[in-house]
Amino acid sequence: MHLTREQEKMLQGEYGWATAKAMEIIIKVGEAMGAEELVEIVHAHISGISYSTIGKYGAEFIRDIVLRGGKVRVFTTVNPGCIDYSGLSHVIDNSLIEYQRLIDEPLREAGVKPVYTCIPYFYRAPLPGEHLAWGESSAVVFANSIYGGFTNREGGPVALAAALTGYTYKAGLQLLENRVGVIEVKVNARTLSMPIGALGLWMGECVKATPFIRGLRNTQLDYLKNMLASAAASGNHALVIVDGFTPRDTFRLELTERIEPEVEVLEDYLGDECTGSRVLGYLGCPHTSPWELLLITRFVKRYGKPKRGKLLVTIPAEFTRIYRDLVLELKAMGVDIASGTCPVVSQFKEKFDCVLTNSGKALFYLRRIHRVRVKLASVREIVKHLSGV
Ligand code: F3S
């Protein structure tokens, strides 16, 4: 691995123990990935900070690094924790609050921006060709595919190490030569009439090389966010080239195959039959954008308060402050809001028989983590179902 003088100094401890340790991690991972040098990053996003997910040992790793002098050198954001930071939710269990603090406090001390969200691009949208070190598969695939940022799909410790040094290894999707679309996926109008999470889940499972998607030019960014997150959950995708969205000069095409998924195939990805009386509607995986919050508000006003179950919406931690009026309006209409978390990285206060969600990623994980039946539906269908219309 070729290191610059500054990188050498970091490795030798001239910038302190924590930076040296972080540099060691980056170099080890880089060597395993075949990197010959490191690259400067402009934004790190650290995933895996929920106590519910990483537990005592993960918390100790973070505390140790920070208490021994770790400070971030670039703009750094963090993924959701395991508690509702607003304290407004009746659905999310906040009993691990003291344990989550063991992680949050040192991270803040290290200089991390405490956004607790999986949509860090809301705070700083990457520019095409910018190098990033992001954890959180849904954010990574969105950064690469929609903004043309360059990031690999990092684990939490590597993203933290990159934040502390300001560098990551130059390999994988950090190199233009590896950003190559191989399989053309043609999306037709019938397919688009289905919940888009199903398309994402199918793509993750069935398309084994980088896809190039045609047919989504008129699709809303929030639908793409959902589809890409679903594809990254059921598969390994970190880059999906979307015709009309992925910036030029951030990818190449060498197409060898063409697929057109049919509705009948995607129906297999719609999830379980939703039976039982304890139903939860869940929106906000990935976290809702302001536009989605407005859409949900409009539907709840039109169809009425949730009566046949609860409706949970998850948002970035700061949204309770920035969009206070909207959040309070939704609360007043009986919608449960949790900020800075989501049910995949936290616990429910109660048991549900079935979850209705618009998110393929939520379907993928909630079934496994909470052992609950999950069904995909559109935002409108979910609100209508819960309102009893
Ligand atoms: Fe975000 Fe949680 Fe979904 S972290 S992408 S809302 S699983």
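**Notes on a predicted model: strands, cores and a helix pair**

1. Start with S13 and strand S14 (residues 373-376). The two strands pair in the parallel sense over four bridges. Within this pairing, Leu356 stands opposite Lys375 in S14. Keep in mind that the model is predicted.

2. S13 also pairs with strand S10 (residues 279-283). Here too the sense is parallel, and four bridges are made. Leu280 has Val355 of S13 as its bridge partner.

3. Now look at the faces of S13, which spans residues 354-357.

4. Another sheet is open and has four strands. Their order is S8-S7-S6-S9, and the pairing is parallel. Strand S8 (241-242) and strand S9 (252-259) are the edge strands, and each pairs on one side only.

5. Inside that order, strand S6 (residues 180-186) runs parallel to strand S7 (residues 211-214). Four bridges join them. Ile183 of the pair stands opposite Pro211 in S7. As background, strands of a sheet pair through backbone hydrogen bonds, either parallel or antiparallel.

6. An open sheet of three strands comes next. The order is S3-S2-S4, again with parallel pairing. Which strands stand at the edges? They are strand S3 (75-78) and strand S4 (132-134). Each has a single partner strand, so one side of each is left without a neighbour in the sheet. From one strand to the next, the twist averages 10°.

7. Take the S2 and S3 pairing in detail. Strand S2 covers residues 43-46, runs parallel to S3 and is joined to it by four bridges. His45 has Thr77 in S3 as its bridge partner.

8. Turn to two helices. Helix H3 (residues 51-67) packs against helix H4 (residues 97-109) at an angle of about 35°. Their axes are 9 Å apart. The crossing of H3 past H4 is left-handed.

9. Which residues make this contact? H3 supplies Tyr51, Ile54, Ala59, Ile62, Arg63 and Val66. H4 supplies Tyr99, Gln100, Leu102, Ile103, Pro106, Leu107 and Glu109. By type, the contact of H3 with H4 has ten nonpolar residues, one polar and two charged.

10. Next, the nonpolar cores. The largest has 61 residues, and Met227 and Tyr282 have the most contacts inside it. In soluble globular proteins, nonpolar side chains tend to be buried together.

11. What does Met227 touch? Leave aside its neighbours within four places in sequence. Met227 is then in contact with Ile196, Leu199, Gly200, Met203, Ile213 and Leu216.

12. Is Ser234 buried or exposed? Its relative accessibility is 18%, and buried means under 20%, so Ser234 counts as buried.

13. Follow Ser234 to its surroundings. Not counting residues up to four places away in sequence, Ser234 touches Gly200, Leu201, Gly204, Glu205 and Phe364. Gly200 is also a contact of Met227. How far apart are Ser234 and Gly360 in sequence and in space? They are 126 residues apart in sequence and 8.6 Å apart in space, C-alpha to C-alpha.

Technical notes:
Residues are numbered from 1 along each chain as its sequence is written. This is a predicted model: local features need pLDDT of at least 70, side-chain atom pairs count only at pLDDT 80 or more; totals for chains, interfaces and linings use all residues. Side-chain values use heavy atoms; hydrogens and water are left out. A nonpolar core is a set of buried Ala, Val, Leu, Ile, Met, Phe, Trp, Tyr and Cys residues joined through side-chain atoms within 4.5 Å. Buried means under 20% relative accessible area, exposed over 50%, partly exposed in between (1.4 Å probe, protein chains only). Contact means heavy atoms within 4.5 Å. Axes are lines fitted to C-alpha atoms, for helices over the stretch in contact, and angles run from 0 to 180 degrees between N-to-C directions. A crossing is left-handed if the near helix is turned anticlockwise from the far one by less than a right angle, and right-handed if clockwise. Ala, Val, Leu, Ile, Met, Phe, Trp, Tyr, Cys and Pro count as nonpolar, Asp, Glu, Lys and Arg as charged, and the others, Gly among them, as polar. Two strands pair if DSSP finds at least two bridges between them.
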